[in-house]
Amino acid sequence: MGSLKEVEAAASEGFFATRVDALVNWGRKNSLWPMPLGLSCCGIELMAMIGPKFDISRFGAEAARFSPRQCDLMIVAGTLTWKMAEACRTIYDQMPDPKWVIAMGVCSSSGGMYDSYAVVQGVDSILPVDVYVPGCPPRPDAVIDAMLKLQKRIERESPTKRLFSGPEDVDDRGTGKRTYAPNDAVPGAIQHTGPSRAGDAQ
Amino acid sequence: MTDSNIGFDLGRILGILGDVPVQAALAPDATPTFVVGREHLSKVFELLRYEAGFETATFVTGVDHHPATPRFEVCWQFLSLAFNERVRLSTRIEADDAVVPTSTHLWPGNAFSERECYDMFGIRFEGHEDLRRLLMPEEYGHHPLRKDFPHHGIEPDRLYREWDARRRAEPADAN
């Protein structure tokens with residue numbers, strides 16, 4: 001509506017033009033508040049990462065909250081057992097949208113060395129994971145790298161589209177479709193004696 | 001453990017046990033071991049606790065000898081601080097009747113060990129006041145340390161999936 005001259009005059013007073021998406025994403029990616037779900041030894045590296053030496057406040061993510069209501073980045077740091085899985089999923093559900101998940105370390109990425117009946121073989125069988133970090137435990141640098149990758153991912157999101165069309169249905173993302181057949185690769189092992197997933201008729 | 005058993009007076013224990021039929025042996029680590037029938041266990045517990053002075057229980061654990069019969073073996077180890085002696089008890093039980101008397105009324109610290117043994121082997125301790133599973137979820141119907149339990153478990157995700165289905169049926173529950 002205004003002429004270029006008016007825009008230039010406005011710019012001199014401290015205004016600038018941008019897209020809403022870019023502005024919102026800029027805010028979101030630079031103020032990730034992590035939910036530190038320290039389940040085992042990875043939690044120690046996570047603490048080191050939050051502390052002054054590695055200092056994730058350089059990336060705006062130092063405000064680790066211990067209430068999921070105030071967080072938007074869940075860092076699953078450590079071995080998730082099936083007994084703990086319900087609590088983990090409840091914490092995830094309690095986090096307000098938008099929210100992201102980093103699977104820190106091999107245990108939460110794939111079960112790791114705990115190739116066992118008690119351990120969830122990758123938290124992506126119960127949660128939608130955005131970034132996986134290998135390592136046992138990964139160095140804080142690796143998790144910071146994951147956080148930067150997550151920031152790049154957030155840059156590509158479209159919050160206005162989400163605002164107008166509602167959140168996409170994320171039910172399938174890592175929560176029900178993943179096949180869990182742990183004994184398949186073991187010769188002579190007893191296979192499942194029944195359907196392992198509720199509603200899994202096949 | 002060998003050092004702590006120097007001068008162990010086997011005759012003293014055998015004298016206290018009296019006419020209870022036990023089979024005494026020396027474990028590979030030189031701990032005196034008594035193989036006792038299940039029906040004599042309660043009596044042996046009381047004699048060891050009150051007469052022989054074994055006031056500390058070290059552990060209770062199970063062994064699965066599958067496919068041999070009797071299938072299970074239950075082991076207790078006790079320590080006497082006064083005599084600086086250790087003894088081990090052992091009994092064999094069948095799989096279809098895996099019940100032994102509890103020792104928690106004499107050694108309350110055995111409560112958790114017996115719960116763990118029940119959780120991992122399915123051996124029930126008769127008289128235990130609170131015999132729930134210790135490590136596995138309470139509704140989990142299998143016993144992981146049995147020899148015929150598959151390495152990757154039986155439906156380890158079943159309880160979570162059931163919970164997940166309930167949660168999805170009423171989404172307001174999560175918040």
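## Exercises on the sheet and cores

In chain A, the 4 strands S1-S2-S3-S4 form, in that order, an open sheet with parallel pairing; strands here are DSSP E runs of at least two residues and helices are H or I runs of at least four, numbered from the N terminus, and two strands pair if DSSP finds at least two bridges between them. This is a predicted model, in which local features need pLDDT of at least 70 and side-chain atom pairs count only at pLDDT 80 or more, whereas totals for chains, interfaces and linings use all residues. Residues are numbered from 1 along each chain as its sequence is written, with chains lettered from A and ligands numbered from 1 in the order in which they are written.

**Exercise 1.** Work out which strands of chain A stand at the edges of the sheet, and which helix packs on S1, S2 and S3.

*Solution.* Begin with the edges: S1 and S4 of chain A each have a single partner strand, so one side of each is left without a neighbour in the sheet. From one strand to the next, the twist averages 15°, where axes are lines fitted to C-alpha atoms (for helices over the stretch in contact) and angles run from 0 to 180 degrees between N-to-C directions. Next, H3(A) packs on the sheet by touching S1, S2 and S3 of chain A, and its direction makes about 145° with that of S1(A). Finally, H6(A) lies across S3 and S4 of chain A and runs at about 165° to S4(A).

**Exercise 2.** Find the bridge partner of Ile102(A) in S4(A).

*Solution.* S3(A) and S4(A) pair in the parallel sense over 3 bridges, and the partner of Ile102(A) in S4(A) is Val131(A).

**Exercise 3.** Identify residues that touch the most other members of the largest nonpolar core.

*Solution.* A nonpolar core is a set of buried Ala, Val, Leu, Ile, Met, Phe, Trp, Tyr and Cys residues joined through C-beta atoms within 7 Å, and a residue is buried if 20 or more other C-beta atoms, placed from the backbone, lie within 10 Å of its own. The largest core has 41 residues, and those touching the most other members include Leu73(A), Met74(A) and Ile102(A). Elements that each supply at least two residues of this core include strand S2 (73–77) and helix H4 (82–94) of chain A. Leaving aside neighbours within four places in sequence, Met74(A) is in contact (C-beta atoms, placed from the backbone, within 7 Å) with residues including Met35(A), Tyr92(A) and Val101(A). Apart from this core lies another, of 25 residues, among them Phe54(B) and Trp107(B).

Note on methods
A residue is buried if 20 or more other C-beta atoms lie within 10 Å of its own, exposed if 12 or fewer, and partly exposed in between; C-beta atoms are placed from the backbone. Two residues are in contact if their C-beta atoms, placed from the backbone, lie within 7 Å.
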